[in-house]
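Here is a short briefing to read alongside the model. Have the sequence and the 3D view open, and we will go through a few spots together.

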Amino acid sequence: MDHDRLMKDLREICRAPEPERKEIFFQGLAERGVTSGRPTSISHGEFILRQFLYIGKWVWLSSAVLLLFITWICYGNNGNYPFALTPLLAAGILVETERSFRWKMAELEYTARFSLRSVMLARMFLVGAVETAGLLVVIWAVQPRFSYSFGRVFLYMMVPYLSASLFGSVYERKHRTDNGWGSIVICLLSSAFFAAAPYCMSSLYEEQFAVVWLAVFVLLIISLGSSVRRWFLEMEEPAWSL
Amino acid sequence: MNLEEQYDRIYKYLYFRIHDRHTAEDLTQETFLRFLGSRTYRDENRQMQYLYTIARNLCSQYYRDKTIEYRFDETLDITLSEDFEQSVVERISLMNALQELSQEEREMLFLRYVNDVPIPVMSRLYHISRFAVYRKLKKILKKVMSEMEKEGDHGS
Amino acid sequence: MELIADRITKQYKNKIAVDRMSFTLAKGVTGLLGANGAGKTTLMRLLCGILVPDSGTISCDGMSVGTEEYRDILGYLPQNFGYYPEFSGKDFLLYMSAVKGITGKDAARKTKELIELVGLAEVAGKKVRTYSGGMRQRLGIAQALLNDPQILIMDEPTAGLDPQERIRFRELIADIGEKKIVLLSTHIVSDLEHIADRLMIMKDGQLIWQGSRSAGGEDLEAFYISKIGEKR
């Protein structure tokens, strides 16, 4: 038997008699104002927009100042030092993402419709995207000041930034309710590390070494992805130490 | 689809599961009361998913006390069409074939082909991927067809 | 609507916080009694989906407690909660509205209504850090009600409230409890005397007694003490 015929028969078999009390039911609802009583829902897009508006002004301000500072330093012929400043940018993301825990709002946000995860993810994504975009603009702007190719400047700037992000995310995952200073310290230490590194390894910024930077970059991206994933999955209470 | 159309669909579904007009309509109204007492989703698919979920749960509660679900081959209201005899035979054959399916298989068939429930909604209702929904529907149709052929062979 | 817990167990740090508890919550106010450390907070977190049971299931009308649909009809007041530093009471409620997915106009309306309801109208514009303990608690109660929850779970909701605030709270809960599922935990028996329809008594993670409030008789305190002393 062919498909259409089958469908026709199926529909026939499953025919239901007309409902008898529909009109009365809907009339009753309208009288009680039920159909429009409940608060309506917002979409995920609107949610992210609102979270954007709630992100502290200090984050945007400090990021802007930092990016301008880095640009200025690059224009001042300061060798490879500017590269060691990018970890500080990661501090903003880390501190902002953990805001719920710092201020003990985590439990409340967890049970809301857009759970704590969405709130954290929104913050991290928003601040991260804006800061990374800002950094890319800076990279593009300052590259002419260096004798390195665009690719190398990109790596030299991104690797310290990603390293601090990675270590910071691991730290935050383990110390959720700290006041955020831990992340800031990690970023400062990363900065110090990259500032000091050329002294221990003079060939760090030479051309043939760039391949190592690339490998490290790839490794960081993967590790960061995995760390962030764990950060969000491990939401059980012991991690909160509530 | 507005609420009144949803009402018709849910009623049809509940009648399919329970086959008693009065109960089916009672449960339809209960479904809507619960649905309206909760968040109104802007997304129509979500609305549909939620409505069917509530309706299904009400069915489970209804059947909790009864031992057997309604048997599909007990339908008495066979309707007439042009080639009366042929269509009656086909429909009886189809009904018997449907009775051979599991409750869930019957339900999937109904939802998709009688109530035109979109695949994404079905995917969420059954907690399987869209791809899995397609495959299952194909499998069920095949099963139905082969059951009907078997009957044909035996000249039931 | 029913919230059904079936043999749920939760353990941490070598302690069994919730031990094979089974119960059903229906419309009305259920009081959860137990000493501090009995596992009440853990149980509530399990019912809210914050914690996942090691074994057993919790569901509400076929919905699992970890889903967005469930959270949508849930209102929760934790034992301790904070606030973002620069928020006023009103800001706090508007923020929670946003996280609960409530739109601008509805959020404004709901916020205003609830501020009135919990008696914070005069201080709504002031910063939360200037609030007394009782005021903060009332703010917490207000946020739990923002999304018109069908299920209300409150952990020690009367802590920090003065006698007058307690009475107001009881009236509010009695009203809500008529049509919704309400679960309140406390270690103060008198809080429940007038508002609970049903009681559950927990000790060391176990549900040692559950039943209707009237079974507790006139002197609820004595009843509670006798039950606590009974087991083991």
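In the hairpin that β9(C) and β10(C) form, two residues sit between the strands, and D204(C) takes a positive phi near 50 degrees. Please keep in mind that this is a predicted model.

**The hairpin in chain C**

- Strands β9 (residues 198–203) and β10 (residues 206–212) of chain C run antiparallel and are joined by six bridges.

**Domains of chain C**

- Chain C is assigned a domain 1 made of two stretches, 1–73 + 149–232, and a domain 2 covering 82–148.
- Between the C-alpha centres of domain 1 and domain 2 of chain C there are 25 Å.
- Where these two domains of chain C meet, domain 1 brings 12 residues to the contact and domain 2 brings 11 residues.
- On the domain 1 side, β7 (151–155) and α6 (163–177) of chain C are the elements that give two or more residues, and α6(C) has the largest share with three residues.
- That side of domain 1 of chain C holds seven nonpolar, one polar and four charged residues.

**Domains of chain B**

- Chain B is split into domain 1 (1–70) and domain 2 (71–156).
- The contact between them uses 11 residues of domain 1 of chain B and 10 residues of domain 2 of chain B.
- On the domain 1 side, α1 (3–18) and α3 (44–64) of chain B each supply at least two residues, with the largest share, five residues, coming from α3(B).
- By class, the domain 1 side in chain B has five nonpolar, three polar and three charged residues.

**Contacts between chains**

- Chain A meets chain C through 24 residues of chain A and 30 residues of chain C.
- In chain A, the helices α3 (44–54), α7 (106–110) and α12 (237–240) each supply at least two residues to the side that touches chain C.
- Of the elements in chain A, α7(A) gives the most to that side, with four residues.
- The side of chain A that touches chain C consists of 12 nonpolar, four polar and eight charged residues.
- Chain C also touches chain B, with six residues of chain C in contact with seven residues of chain B.
- On the chain C side of that contact with chain B there are one nonpolar, two polar and three charged residues.

Terms used
Residues numbered from 1 in each chain as written. Chains lettered and ligands numbered in written order. Predicted model: local features only at pLDDT ≥ 70, side-chain atom pairs only at ≥ 80, totals over all residues. Nonpolar A, V, L, I, M, F, W, Y, C, P; charged D, E, K, R; others polar. Domains from an automatic or database assignment. Pairing = 2+ DSSP bridges.
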